[in-house]
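Open your viewer and get ready to click. This tour tells you what to select next and what is there.

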Amino acid sequence: ADTPGFQTQYRNALNQAMNRAVTQALAEVDLVLWLVEARKFTPADARILPLLPRDKPVVLVVNKVDTVVDKTDLLPYLQSVSGQYPFAEIVPLCAEKEKDALRLPAILKPYLPPGEPWFAEDDVTDRSSRFLAAEIVREKMFRLTGDEIPYAVAVTIESFEEDGEMFRIGAVIWVDRDTHKPILLGKGGEHIKRIASEARQDMEKLFGRKVFLNLWVKVKGGWADDARLVKQFGYE
């Protein structure tokens, strides 16, 4: 499971839900990968150490080693980190390099016990079409707005109906501040039109049929602090 990052600074309901996802995953998996950035070990990283399990292997993946000009600078960093926890492996790499991306699975394979597959060979996901539609909208929204919109944004599918050879989908983007709504809408609605257009095209490729997509932006102030709404919006 690719978990969210463990949140150590903010304690709202959304972040608490994300932290529960992390701790639950740590209890269920056979192998843990912990991703850190080369030459950086922050106080937030230190607070993760007590969460790491002692009864299963933990591999520390040190990313962005390409940003270290003098590779001898890595040695004292790696020695310092290795002294804080009995890692099964410490793997320095650059995730953007294909050779490193291929090297990592080979390192991890000996730690993974053989077992029966959980899903059929031709299954591509265990998520519903509604979930995938919402995620496509979220992706397009973040690609268009960049850092202008915080990640405490939810997308809900209000309707998902089959109409002959077409899917009719109604989705809502929920923001928690009035100031975020005009950013998503854009001048003359240009942003929301582009989000809807690109999302619809990806949905049609995924579902293999025409899609009619209605998209709205609504404000629900403080929803990330409301445990009930966090669950309603699909974060648990």
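Which pattern does the chain follow, read along the sequence? The answer is α-β-α-β-α-β-α-α-β-β-α-α-β-α. The chain has eight helices and six strands. Helices (H or I, at least four residues) and strands (E, at least two) are DSSP runs, numbered from the N terminus.

**Before you click**

This is a predicted model, where local features need pLDDT of at least 70, side-chain atom pairs count only at pLDDT 80 or more, and totals for chains, interfaces and linings use all residues. Residues are numbered from 1 along each chain as its sequence is written, and side-chain values use heavy atoms, with hydrogens and water left out.

Colour the chain by pLDDT, the predictor's confidence in each residue, from 0 to 100. The mean for the chain is 83, and 81% of its residues reach 70 or more. Confidence is highest in H7, at 95. It is lowest in helix H8 (residues 227–232), at a mean of 61.

**Stop 1: the open sheet**

Select E1, E2 and E3. They form an open sheet of three strands, in the order E1-E2-E3, with parallel pairing. Two strands pair if DSSP finds at least two bridges between them. Strands of a sheet pair through backbone hydrogen bonds, either parallel or antiparallel.

Which strands stand at the edges? They are E1 and strand E3 (89–92). Each has a single partner strand, so one side of each is left without a neighbour in the sheet. On average, neighbouring strands here are turned by 20° against each other, direction ignored. Axes are lines fitted to C-alpha atoms, for helices over the stretch in contact, and angles run from 0 to 180 degrees between N-to-C directions.

Zoom in on E1 (residues 32–37) and E2 (residues 58–63). Six bridges join this parallel pair. Trp 34 stands opposite Leu 60 in E2. Glu 37 has Asn 63 of E2 as its bridge partner.

Now show the side chains of E1. They alternate. Val 32, Trp 34 and Val 36 point to one face and are buried. Buried means under 20% relative accessible area, exposed over 50%, partly exposed in between (1.4 Å probe, protein chains only). In the whole chain, 36% of the 236 residues are buried.

**Stop 2: the helix across the sheet**

Is Asp 100 buried or exposed? Asp 100 counts as buried, at 9% relative accessibility. Asp 100 touches Leu 93 and Cys 94, not counting residues up to four places away in sequence. Contact means heavy atoms within 4.5 Å.

**Stop 3: the cores**

A nonpolar core is a set of buried Ala, Val, Leu, Ile, Met, Phe, Trp, Tyr and Cys residues joined through side-chain atoms within 4.5 Å. Select Ile 169, Ile 173 and Met 203. Of the 27 residues in the largest core, these three touch the most other members. The elements giving two or more residues to this core are helix H5 (129–145), strand E4 (154–163), strand E5 (166–175), helix H7 (190–207) and strand E6 (210–219). Apart from this core lies another, of 18 residues, among them Ile 48, Val 58, Val 65 and Phe 87.

Go back to Met 203. Leaving aside neighbours within four places in sequence, its contacts include Ala 133, Ile 169 and Leu 213.

**Stop 4: salt bridges**

A salt bridge is a side-chain nitrogen of Lys or Arg within 4 Å of a carboxyl oxygen of Asp or Glu. How many does the structure hold? It holds 12 salt bridges.

Glu 135 is partly exposed, at 35% relative accessible area. Arg 138 counts as buried, at 16%.

Next, select Glu 139, Lys 140, Arg 143 and Asp 202. A network of salt bridges links them. Within it, the closest N and O atoms of Glu 139 and Lys 140 are 3.7 Å apart.

Finish with Arg 209 and Glu 162. Their closest N and O atoms are 3.0 Å apart in a salt bridge. Arg 209 lies in the loop between H7 and E6 and Glu 162 in strand E4, so the pair ties together parts that are 47 residues apart in sequence. Arg 209 is partly exposed, at 24% relative accessibility, while Glu 162 is exposed, at 57%.
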